[in-house]
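Trainee: I'd like to take a close look at one part of this model. Could you walk me through it?

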Amino acid sequence: MEEFITFESKIKKVINALNETADTVAENVDVYVKEQKEALRKERQAAIDQLKEVLISRKMISKEYADQFVFDEKWLNASTSKKKFEEQVEAQFNSLMEKEKNDKLNLEMIEKTITNACLIANVDEKLISREKYQALLNTEGLPKVTEMITDEVDNIKKQSQAVAQQKEAELLAVQEQLKLTD
């Protein structure tokens, strides 16, 4: 039995030595992989930043929209080729440029809707909050916002007409009162 215990002890030492070696190798591999990913991150982020600066300098996108670019962690995977990375970066910037263009068109449409609705209803444009409708644009959508603008302008017109009618009625009442006292 003594020989078995000695043998078992030697085997455990060998297994422990192998496990320690495997752990050390695994730690070194993890460190290497992290260093590789960090180097790749820096390289790819530099490429993104360079493209961003070119697009901004050529006025193809504003800094505000370019700053909405999101780095995708999948770009650090070994399975992601440089070509695929470049295509996805380009696609995301194209999407942001399209979003900016559409947002600007929507803001112009809000401005025109306010101007035209107020002109037609003979209402002062300053009574309509552009900021309120610009904020609602993201949640409500353009058709709903333009409807809300025309409804607000109509309500202001009705209120001003009601006030004008009330003033007219008060004026007539005062005139009647003056006629009775004569």
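Trainee: Which residues gather in a patch of negative charge on the surface?

Mentor: Before we start, this is a predicted model, so local features need pLDDT of at least 70 and side-chain atom pairs count only at pLDDT 80 or more, while totals for chains, interfaces and linings use all residues. Residues are numbered from 1 along each chain as its sequence is written, and side-chain values use heavy atoms, with hydrogens and water left out.

Now, your patch: Glu20, Asp23, Glu27 and Asp30 come together there. Asp and Glu count as negative, Lys and Arg as positive, and His and the chain ends are not counted. To join a patch, a residue needs over 30% relative accessible area and no salt bridge, and like charges are joined within 9 Å. A salt bridge here is a side-chain nitrogen of Lys or Arg within 4 Å of a carboxyl oxygen of Asp or Glu. Each charge is placed at CG of Asp or CD of Glu. The areas come from the Shrake-Rupley method with a 1.4 Å probe, and for residues only the protein chains shown count as cover.

Let's zoom in on Glu27. Glu27 sits in helix α1, residues 2–57; helices are DSSP runs (H or I, at least four residues), numbered from the N terminus. With a relative accessible area of 52%, Glu27 is exposed, because exposed means over 50%, buried under 20%, and partly exposed in between.

Lys59 has a positive phi of about 60° without being a glycine. Lys59 is exposed too, at 74% relative accessibility.

Technical notes. Patches are made of residues with over 30% relative accessible area and no salt bridge: like charges are joined within 9 Å, nonpolar side chains (Val, Leu, Ile, Met, Phe, Trp, Tyr) within 5 Å. Helices (H or I, at least four residues) and strands (E, at least two) are DSSP runs, numbered from the N terminus. Buried means under 20% relative accessible area, exposed over 50%, partly exposed in between (1.4 Å probe, protein chains only).
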